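Hello,

Here is the structure for your files. My notes on it follow below.

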Amino acid sequence: MSGKPLAAQGDKSEQRPRKVRRAPVRGQMSGALGLFGELFADAQMATLLDDRAALQGMLDFEAALARAEATAGVIPAEAAEAIAAQCKAELYDIAAIGKAATLAGNPAIPLVKALTARVAANDADAAKWVHYGATSQDVIDSGHAQQYGAAWRLLLERAARLASALAELTRRHRHTPMIGRTFLQHAVPISFGIKAANWLGPVVSFHDDFLTYGQSAHQLGGAAGTLASLGEHAEAVLQAFGRTMPSIGAVDTPWHTQRQRPARIAAGLGIFMGHLGKMAQDIALMAQTEIGELAEPEAPGKGGSSAMPHKRNPVLCTLILASAKRTPGLVSTMLATMPQEHERAMGGWHAEWRTMGELFTIAGSALNQMVTLIEGLQVFPERMRQNLELTNGLVMAERVSLALAATIGRGESHHLLEEASRICIASGRHLKEVLAESPALAGKLAPGEIDKLFDPTTYRGATDAIIDRILALYEEERESMVSDG
């Protein structure tokens with residue numbers, strides 16, 4: 001089947017088929033993800049959020065805690081190193097810890113027991129300092145923070161790549177005319193460049209917002225958030241821990257039941273996913289057979305139908321939209337977990353564990369798919385121009401009415417265009433022809449002016465200024481987007 005939409009066979013501008021080019025995945029898992037493959041979870045993000053990564057994050061907490069306590073003079077330095085030497089995920093049986101977690105109520109309890117046993121086998125004296133002064137929530141929150149920090153950096157990397165592709169699309173189609181649509185109906189002409197620019201703006205904002213609100217943090221509060229077990233050394237340990245724990249900076253105060261940080265991350269991901277869904281929906285609508293202005297990148301076997309051999313379904317848009325529609329429920333769960341009892345939650349904290357991981361998973365997958373979609377997007381400018389003319393010039397009625405208002409008044413001008421539009425629709429004639437024959441217009445417009453009024457490429461308003469402003473914002477943030485990613 002041809003790479004062009006059926007409605008766009010005559011388009012000559014950008015018909016060269018573009019192959020699907022998946023965003024490169026570093027450290028991709030070699031095995032399959034299951035029956036649904038990478039439809040909803042790409043391998044790179046899944047690796048960052050899997051059980052092994054969670055286990056390593058918790059072990060990193062235990063190593064950092066021991067070293068911080070050694071720095072503060074709470075435990076011997078030799079004990080800290082003996083503990084850290086056993087904090088490697090490959091040393092532990094994840095399934096056994098999981099089985100024990102079913103009875104314990106969380107995986108931190110059996111993990112600490114297993115870690116203590118391993119340390120004791122090598123240094124019985126050091127074993128008594130394992131997990132000293134901490135609580136299960138410290139371990140689990142800090143392990144999750146480690147994972148979310150890595151997932152966050154991957155999202156920023158992909159967002160930077162998406163922004164670059166959207167900026168290029170904006171520049172290339174700054175002057176490509178198309179019809180703007182409101183309530184799914186033809187409205188007035190716009191350029192495809194401004195549509196792409198409006199896709200770009202929130203992607204750049206996501207970077208800034210996530211830097212401000214999206215960073216997770218490690219947790220150290222002890223039994224009830226006071227670190228009372230560490231006595232006079234508590235503050236020194238807390239500060240040393242913040243410097244020692246990898247990836248994320250110092251933690252000033254424990255936040256066992258102050259859950260605004262994960263809630264903000266969830267809300268930020270929800271807003272961003274809503275925008276990706278908006279982009280996917282726009283593209284899918286523009287790729288409809290009857291419209292044919294865009295098409296997804298091509299690849300063998302992509303977008304087929306089990307029943308209809310001629311079909312080329314927008315599968316990337318479909319998957320992005322599926323993830324966007326799942327997101328609000330997950331975000332609402334994170335918001336629902338915020339009212340937590342006293343100093344330790346009963347169920348609310350536990351409900352976060354899988355929910356946040358799932359949010360990062362589907363956000364990473366949708367963002368990866370959007371990068372592939374935009375980098376290989378097929379654009380058909382000639383079809384856009386054809387669609388502009390579908391209503392025989394009616395989409396320029398606003399412009400003509402405004403031009404006439406200066407000479408015959410706004411009310412009369414509006415009435416004249418309404419009458420002319422009715423004649424145009426009833427007769428199938430072009431609005432320009434109907435207006436040219438109108439006695440009421442005789443001498444009201446200079447020769448050739450009516451032709452200019454019907455040129456959609458000159459009806460741009462502040463289009464260039466808006467595009468320039470969004471591109472300038474992107475250029476200001478481009479370097480930091482790449483480095484932060």
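The side chains of R460 and D464 form a salt bridge, at 2.7 Å from N to O. (A salt bridge is a side-chain nitrogen of Lys or Arg within 4 Å of a carboxyl oxygen of Asp or Glu.) R460 is buried, at 16% relative accessible area. D464 is partly exposed, at 27%. (Buried means under 20% relative accessible area, exposed over 50%, partly exposed in between, with a 1.4 Å probe and protein chains only.) R460 and D464 also belong to a salt-bridge network with R174 and D468.

A word on the source. This is a predicted model, where local features need pLDDT of at least 70, side-chain atom pairs count only at pLDDT 80 or more, and totals for chains, interfaces and linings use all residues. Residues are numbered from 1 along each chain as its sequence is written, and side-chain values use heavy atoms, with hydrogens and water left out.

In total, the structure holds 21 salt bridges. One of them joins K195 and D282, at 3.8 Å from N to O. K195 sits in helix α8 (residues 192–213) and D282 in helix α10 (residues 260–286), 87 residues apart. (Helices are DSSP runs of H or I, at least four residues, numbered from the N terminus.) Both K195 and D282 are buried.

R429 and E437 pair too, at 2.6 Å from N to O. R429 is partly exposed, at 27% relative accessibility. E437 is exposed, at 54%.

Best wishes

Note on methods
Helix = DSSP H or I, 4+ residues; strand = E, 2+ residues; numbered from the N terminus.
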